[in-house]
Amino acid sequence: MAKDELMNYEKALEQFEVVIGLEVHVELNTNTKMFCGCRNEFGDEPNTNVCPICIGLPGSLPAVNKRAIESSISIGLALGCQIAPTGRFSRKNYFYPDLAKNFQTSQYDEPIAFEGSLEVEVPSGNTFTVAIERAHMEEDAGKLTHVGGSTGRIQGAEYSLVDYNRAGVPLVEIVTKPVYGAGAEAPELAAAYVRSIREIVKALGVSDAKMERGNVRCDANVSLRPHGQEKLGTRTETKNVNSLRSIERAVRYEIQRQAALLAKGTAIIQETRHWHEDKGATSSGRPKSDADDYRYFPEPDLVPVQPSKEWIEELRAKLPEQPAARRKRVQAEWGFADLEFRDVVNADLLDQIEETVSAGAKPQDARKWWTGELARIANSQDQNVTELPISGAQVAELAALIEAGKINDRLAREVLTYVLAGEGSPAEVVTARGLEVVSDDGALIAAIDAALAGQPDVLDAIREGRMQAAGAVIGAVMKAMKGSADAGRVRELLIEKANS
Amino acid sequence: MSEITPDLVRHLANLARIDVNDQEVELFAEQISLIVDSMATVKAAVQGDVPATSHPIPMSNVFREDVVEPSLTQAEALSGSADSGDGRFRVHAILDGE
């Protein structure tokens with residue numbers, strides 16, 4: 001992969017205005033596929049959720065999944081879109097083995113939802129309105145595994161294996177209008193927009209919204225134009241950006257790459273680019289060309305979808321709170337300062353903290369564990385904190401054990417590592433591993449006496465009010481008890497002893 | 001007369017992954033021109049405010065409930081394929097990096 005020349009980010013923004021556009025694919029979590037009764041399930045044995053319809057055998061007839069239509073309408077409504085009184089499916093023709101039919105059933109000129117908008121807040125606290133052009137229904141494609149080829153050898157077996165379990169899974173593609181004016185915050189806005197879409201579809205319950213499983217996928221369009229120029233620059237479309245962090249990095253990379261080219265007078269090629277998370281770079285895919293001549297035409301096997309006003313209003317009435325409104329509400333409920341709250345949002349931890357708090361933890365304790373120790377562990381494993389195998393209820397249980405004085409912070413951190421290793425809930429780990437703090441005063445007093453034997457002057461110092469002298473003794477006791485003592489109690493006992 | 005050029009025929013053939021020789025290109029250009037011209041005649045006849053018909057029968061909202069139905073077994077699914085392996089359909093290498 002040739003190394004791209006990049007312009008310094010600030011310099012790029014001085015010279016050019018950034019315009020982005022985002023296409024987000026949301027995989028719906030219906031029980032069955034879009035046009036047939038095969039299970040919509042991730043991770044099953046290959047080609048076991050397939051039938052004559054989704055592998056395109058001759059003579060098969062598709063039938064539209066009603067729940068997929070409802071989910072699509074709900075997404076449209078949540079994005080403030082109008083719902084089309086008549087929506088039609090179209091065939092998007094292309095030859096590629098990820099769909100056996102040689103076309104993808106999609107929507108072309110009559111999407112189910114159009115003309116919406118979404119308020120998106122970026123980490124700085126600035127808010128942008130992203131205009132939504134359309135949201136349309138389509139089917140997902142199968143999964144290809146390429147074998148050979150990457151070794152660079154021309155001879156030898158090179159082939160692809162196809163699993164059609166995902167072929168026909170319902171998707172909603174949400175397309176924005178060009179987004180102007182985000183300036184230096186364009187990369188953050190792109191990520192925050194996708195985060196908002198994820199929050200919406202999760203709150204609606206229409207998608208599992210797991211980016212690592214491809215439930216939410218984003219293609220990011222980026223173009224630059226000199227400040228003051230009306231005409232949009234040539235855009236590139238970066239695919240394969242499968243985490244919020246990748247989206248931000250990919251957009252930033254494209255800004256810097258395109259700026260370097262434009263500054264040299266080199267034209268941008270309109271093309272698909274691929275993001276490589278490991279290299280932190282995009283590479284050229286295929287140019288947008290003849291291959292995009294999809295020859296759409298109306299799908300003759302499916303009749304139009306004409307949702308009634310009553311149906312739409314019924315779905316509108318069930319809409320959950322908007323992400324922005326929810327954020328305002330929970331921040332007030334939890335009493336987090338703006339900076340604290342921003343950290344929580346940026347770490348994508350709203351759901352986790354909500355779950356922890358509703359399981360009985362104090363909001364500040366929930367925040368402390370999720371954005372502190374758990375984030376640190378996730379980071380050290382190069383993972384997202386949201387992917388750690390621990391639930392909000394378990395974190396609440398941990399906080400309750402501390403509150404009850406059964407464990408201290410140090411022990412709690414130890415307990416966490418065992419919970420994450422799958423040894424059970426915090427309470428189970430504490431019992432199984434005997435990790436309770438020693439609250440038996442007798443054992444603590446014995447340890448204090450042993451520590452004082454080495455430093456008899458400490459009691460005098462405490463009597464004279466020089467409390468810092470107590471630190472060495474508390475430290476020695478904690479060490480002797482291998483950290484399982486309650487430091488507060490040790491301190492109390494030490495003061496009692498000095499004053500008795 | 002429509003403008004179905006030999007190059008346009010080659011483009012269509014390429015999109016449809018069909019191999020054509022020069023003789024066929026000439027033949028298809030003629031045939032496709034005829035079809036397109038016929039369409040132009042139809043178009044002229046319905047000029048004005050006539051909406052396009054995608055479906056001849058006025059039906060809408062034909063739905064299926066979201067209920068799982070039996071799928072094929074893996075062996076059944078693969079039984080008609082020219083080549084398979086690892087429970088999957090085996091196809092020629094695709095090298096455009098998608």
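Modeller: Two strands pair if DSSP finds at least two bridges between them. Strands (E, at least two residues) and helices (H or I, at least four) are DSSP runs, numbered from the N terminus. This is a predicted model, in which local features need pLDDT of at least 70, side-chain atom pairs count only at pLDDT 80 or more, and totals for chains, interfaces and linings use all residues. Residues are numbered from 1 along each chain as its sequence is written, while chains are lettered from A and ligands numbered from 1 in the order in which they are written.

Start with β11 (216–226) and β12 (236–241) of chain A. Four bridges link β11(A) to β12(A), and the pairing is antiparallel. Within it, A:V222 faces A:T236 of β12(A). β12(A) also pairs with β13 (271–276) of chain A, this time parallel and through three bridges. Here A:K239 is opposite A:H274 of β13(A). The path from β12(A) to β13(A) runs through helix α4 (244–263) of chain A, and this β-α-β crossover is left-handed. The test for hand is simple: with the strands pointing away from the viewer, a right-handed path from the first strand over the helix to the second runs clockwise.

Next, a sheet elsewhere in chain A. It is open, has three strands in the order β5-β4-β15, and its pairing is antiparallel. β5 (103–106) and β15 (297–298) of chain A are the edges, each pairing on one side only. β4 (90–93) of chain A meets β15(A) through two bridges and runs antiparallel to it. A:S90 sits opposite A:P298 of β15(A). In a regular strand the side chains alternate between the two faces of the sheet.

Now the strands that reach the other chain. β8(A) and β9(A) share five bridges and run antiparallel. In that pair A:L144 is across from A:V162 of β9(A). β9(A) pairs with chain B as well: four bridges tie it, antiparallel, to β3 (88–92) of chain B. Four of the five residues of β9(A) are buried, so the strand is mostly covered. Buried means 20 or more other C-beta atoms within 10 Å of a residue's own, exposed means 12 or fewer, and partly exposed is in between; C-beta atoms are placed from the backbone.

Two bridges pair it, parallel, with β1 (63–64) of chain B. A:V64 stands opposite B:F63 in that strand.

These pairings belong to a wider interface. Chain A puts 42 residues into the contact and chain B 35. Contact means that two C-beta atoms, placed from the backbone, lie within 7 Å. On the chain A side, β2 (64–65), α2 (66–78), β8 (143–147), β9 (159–163) and β14 (281–287) each give two or more residues. β9(A) gives the most, five residues. That side holds 18 nonpolar, 14 polar and ten charged residues. Ala, Val, Leu, Ile, Met, Phe, Trp, Tyr, Cys and Pro count as nonpolar, Asp, Glu, Lys and Arg as charged, and the others, Gly among them, as polar.

Domains come next. Chain A splits into domain 1 (9–315), domain 2 (321–433) and domain 3 (441–499), with bounds from an automatic or database domain assignment. The centres of domains 1 and 2 of chain A, taken over C-alpha atoms, are 32 Å apart. Their contact takes nine residues from domain 1 and six from domain 2. On the domain 1 side, β6 (113–121) and α3 (186–204) of chain A each give two or more residues. α3(A) has the largest share, four residues. That side divides into five charged, three nonpolar and one polar residue.

Last, confidence. pLDDT is the predictor's confidence in each residue, from 0 to 100. Chain A averages 90, with 96% of its residues scoring at least 70. Residues 152–156 of chain A fall below 50, and this stretch has one contact in the model beyond near neighbours in sequence. Chain B averages 88, with 93% scoring at least 70. For the complex, the predictor gives an ipTM of 0.84 and a pTM of 0.79.
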